[in-house]
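The sequence and the structure are shown first.

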Amino acid sequence: MLTFIIGAIAVVLLLTHLYSAYAKHHRQYGDIPAVDGRLPIVGNIFDLSKTHIVLTDWYRKYGPVFRFNLYGEEVVVLSSYESVFEALVTRGSDFAGRPHMSRTDYEGRNRNSIVWQSYTPKLQFLRKQIHSSLRMYGNGLGRLQHRCGFELEQLLNRIESQPDLTFDPWSLLYDSACNIMLDLTIGTRFPYEGEDLSQLKKINGLFNHSFGPGASRILDRFPFLNCIRDEFKSLKTAVDMRNSFWADHIGNLQRPSTQDECVIQSLRDLAAKSSNSHFDISEATLKETFTNLILAGTDTTTTAITCLLLVLLHKPEIQDRMYQELDHVVGRSRAPSLSDRSSMPYTEACLFETLRLISHVPLAVPHATICDTTVLGKRIPKDTTVYINLWSLHHDPEVWPDPWEFDPGRFLDADGHLLPPHHECRRRLLVFGAGRRVCLGESLAKNRLFLFTTALLQRYDFRPASSLPDLDPRKFSLGIVLHPGHFNIKAIKRTNVDTTISGCGS
Ligand code: HEM
């Protein structure tokens, strides 16, 4: 009898709790359509490894602003260009926060990180400083070109040393892109043969595993599950490995002998100034900033170049046309340089189309509202997690006919010129996000994509050396970045090419 009474009380308490949660959500989010079929505690269950695809299906059913429930939390999803533009640009800071997550709270990361910190004065200060140290303008571009040139020369030598000129592009490109990020952040690079680059690759994989959208959000809602969830083990191992890496290589790193400014050293200098003491830029801030830049700056760019190579293998006619443009504009006796970009519209259009088709970061990084606000006239309360569905924006058939087809012609006019930046198609391409939290590496990424792709194409004709993954990004796997499966590529040397890559731009 006593068991029955306790059981009945428990059921009543649970029902009351569920009802009051429902009433509260209804009161706060009443303007926003809710996805049907939510269950107590877990909310809307779906295949979390396909979050971007499920959210896009829901967009068609519930409209551009809807909400779903993830382990008891209301998550608002913005899926049309109008809603995303209003939130990120027109309403500026309202949507510039990041949700509170126990995963980013771990070791105080969210107080020191750029990616995971909410929209605080410290974050704004860090963004401004990093933007200026990356210097993607004026002679900063020459410096980038020089850095890329050296690394590209090493990459081409490495390709030459692969048996039968056959290799897994992601793996080789990762090391080169990572070395450029290391050079920009700490003024050093690591040899390809050593353990250091593979350590960084492992750390990247572990962070990705713990931050995939959806699945691992359970850790933030129910932190008591940490001890049994693999994602938390990955996070802990990643942070431990990163800390040892920092202690071994970077903690006491001296300013490089060149005059080149490096992000971490300049932040360290700023931290030493008493006028900046209120921002609390500590060693933990430097460590987090380093991790953010290396991870965000390597995986995305490597995957984008790999995907473009995958396009070229699937569509040799596009490879031929890009090569013809390159041969016409640059020729074979000098290396391509950033100043060639404006004379190579077809190549630029192929880069834009790769970024659109794949939409490498399909749900951006989760945003959060920092005040009560609205979007498309619907009220959204403060501290709401907001997903920005870039995937649906870039595959909307109304804007992009045959959205799953690779068609660089979308970005070209009838005379083959690149559409101007204010053209509808260019404006609606938001692969780097927009507004206060727009990607800090947008220019860097576009410049590196151009330099890598043209240097590779100038030297080689590429053919498949294994079965290829499908070019349809709906089949790629999702972490924060969308990855195709691994594949091998065979490089066939072009004739009469005589260039010294490292000399370019200097
Ligand atoms: C193809 C390459 C890249 C793509 C597609 C990409 C895309 C993105 C996207 C969609 C975001 C989230 C924006 C938001 O939250 O609304 C982001 C954030 C970020 N990206 Fe990139 N990115 C790329 C390359 C890079 C590079 C090379 C760097 C290196 C500097 C970088 C550094 C960052 C940082 C630090 C953030 C966080 C900004 C913040 O939270 O305030 N990214 N990126």
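Predicted model: local features only at pLDDT ≥ 70, side-chain atom pairs only at ≥ 80, totals over all residues.

## Ligand shell

The ligand is surrounded by 24 residues, and the closest are G297, T300, G433, C439 and G441. The most comes from α13, which supplies seven residues.

By class, the shell around the ligand holds 15 nonpolar, seven polar and two charged residues.

## Packing of α8 and α13

Two packed helices are described by the angle between their axes and the distance between the axes. For helix α8 (residues 169-186) and α13, the angle is about 145° and the axes are 8 Å apart. The crossing of α8 and α13 is right-handed.

On the α8 side, the contact is made by P169, W170, L173, Y174, A177, C178, M181, L182 and T185. On the α13 side, it is made by F290, L293, I294, G297, T298, T301, T302, I305, T306 and L309. The residues of the contact of α8 with α13 comprise 13 nonpolar, six polar and no charged. G297, part of this contact, is also among the residues closest to the ligand.

## Surroundings of N208

N208 is located in helix α9 (residues 196-211). N208 counts as partly exposed because it has 18 C-beta neighbours inside 10 Å, and a residue is buried only from 20 or more.

Leaving out residues up to four places away in sequence, N208 touches G479 and I480. N208 and V481 are 273 residues apart in sequence, while their C-alpha atoms are 8.0 Å apart in space.

Definitions and conventions:
Residues numbered from 1 in each chain as written. Near = placed C-beta within 6 Å. Helix = DSSP H or I, 4+ residues; strand = E, 2+ residues; numbered from the N terminus. Nonpolar A, V, L, I, M, F, W, Y, C, P; charged D, E, K, R; others polar. Axes fitted to C-alpha atoms, helices over the stretch in contact; angles between N-to-C directions. Left-handed = near helix turned anticlockwise from the far one by under 90°. Contact = placed C-beta atoms within 7 Å. Buried ≥ 20, exposed ≤ 12 C-beta atoms within 10 Å, placed from the backbone.
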